[in-house]
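I opened this notebook to record what I looked up in one structure, entry by entry.

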Amino acid sequence: MNIQIINGPNLNLLGVREKSIYGSADFESYLAELQNHFTNITINYYQSNVEGEIINKLHEVGFSYDGIVLNAGAYTHTSIAIADAIAAIKTPTIEVHISNVYKREEFRHHSMLAASCKGVIAGFGMHSYRLAIESLLLQY
Ligand code: DQA
């Protein structure tokens, strides 16, 4: 099974950025934990701060991979183009957020992407990614 994790803008700064919200672990360390946990799954990781590059990655993997775990960062709340890309591909996509966006500013309460996704997981810290992978496994 082949799963693609895609992290959007500013998520390259996990472990450094706003630690009280996002925690002190960097994503690469967490990814190693995930890989140890899901030994039968190939977990691919991609991060970009650029909207078009995220769309290109969705197109690249979205007709052959078994699942996509997408944290589009702030693009979640703004990007019709990413929503259209998710709707255009075949691979089920799970929207994830590290923080509970519903406890935060009102502009984070709306997702442009959620309606195109299989489901949404938010608020479990880095474990939101693990829960998203678990949810993809339920479909197989
Ligand atoms: C985030 C929540 C977004 O509102 C924010 O812009 C991010 C991270 C999260 O993982 O909690 O960059 O997607």
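Predicted model: local features only at pLDDT ≥ 70, side-chain atom pairs only at ≥ 80, totals over all residues.

**Entry 1: strand pairing.** I then looked up strand β3 (residues 67-71) and strand β4 (residues 93-97), and found them parallel and joined by three bridges. Within it, Val 69 has Ile 94 of β4 as its bridge partner.

**Entry 2: the whole sheet.** In what order do the five strands of the sheet run? I read the order as β2-β1-β3-β4-β5, in an open sheet with parallel pairing. The edge positions belong to β2 (42-47) and β5 (119-122); each has a single partner strand, so one side of each has no neighbour in the sheet.

Entry 3: I next followed two helices. Helix α2 lies across β1 (2-7) and β2, and its direction is at about 165° to that of β2. Helix α3 (residues 51-61) packs on the sheet with contacts to β1, β2 and β3, and makes about 175° with the direction of β1.

**Entry 4: nonpolar cores.** Which residues of the largest nonpolar core touch the most other members? Of its 22 residues, I listed Ile 5, Phe 27, Leu 34, Ile 43, Val 69, Tyr 129 and Ile 133. At least two residues of this core come from each of β1, α2, β4 and α5. Apart from this core I found another, of 16 residues, including Leu 58, Ala 72, Ile 82 and Ala 85.

Setting aside neighbours within four places in sequence, I recorded contacts of Phe 27 with Ile 5, Asn 7, Leu 14, Tyr 45, Met 126 and Tyr 129.

**Entry 5: aromatic rings.** I counted four aromatic pairs. One of them is Tyr 30 with Tyr 129, a tilted pair with 6.3 Å from centre to centre and 55° between the planes. This pair links distant parts of the chain, since Tyr 30 belongs to helix α2 (residues 27-37) and Tyr 129 to helix α5 (residues 127-137), 99 residues apart.

A separate look-up concerned a charge over a ring. Lys 57 lies over the face of Tyr 46, 4.9 Å from the ring centre.

Entry 6: Most residues other than glycine have a negative phi. I therefore noted Asn 10, which is not a glycine and has a positive phi of about 75°, against that general rule. Asn 10 lies in the loop between β1 and α1 (19-22), and is partly exposed, with a relative accessible area of 38%. Glu 18 also has a positive phi, near 30°. Glu 18 lies in the loop between β1 and α1, and counts as partly exposed at 44% relative accessibility.

Conventions. Residues numbered from 1 in each chain as written. Heavy atoms only, no water. Phe/Tyr/Trp six-rings, centres within 6.5 Å; stacked < 30°, edge-to-face > 60°. Helix = DSSP H or I, 4+ residues; strand = E, 2+ residues; numbered from the N terminus. Lys NZ or Arg CZ within 6 Å of the ring centre and 35° of its normal. Pairing = 2+ DSSP bridges. Contact = heavy atoms within 4.5 Å. Axes fitted to C-alpha atoms, helices over the stretch in contact; angles between N-to-C directions. Core = buried A, V, L, I, M, F, W, Y, C linked by side-chain atoms within 4.5 Å. Buried < 20%, exposed > 50% of the residue type's maximum accessible area, 1.4 Å probe, protein only.
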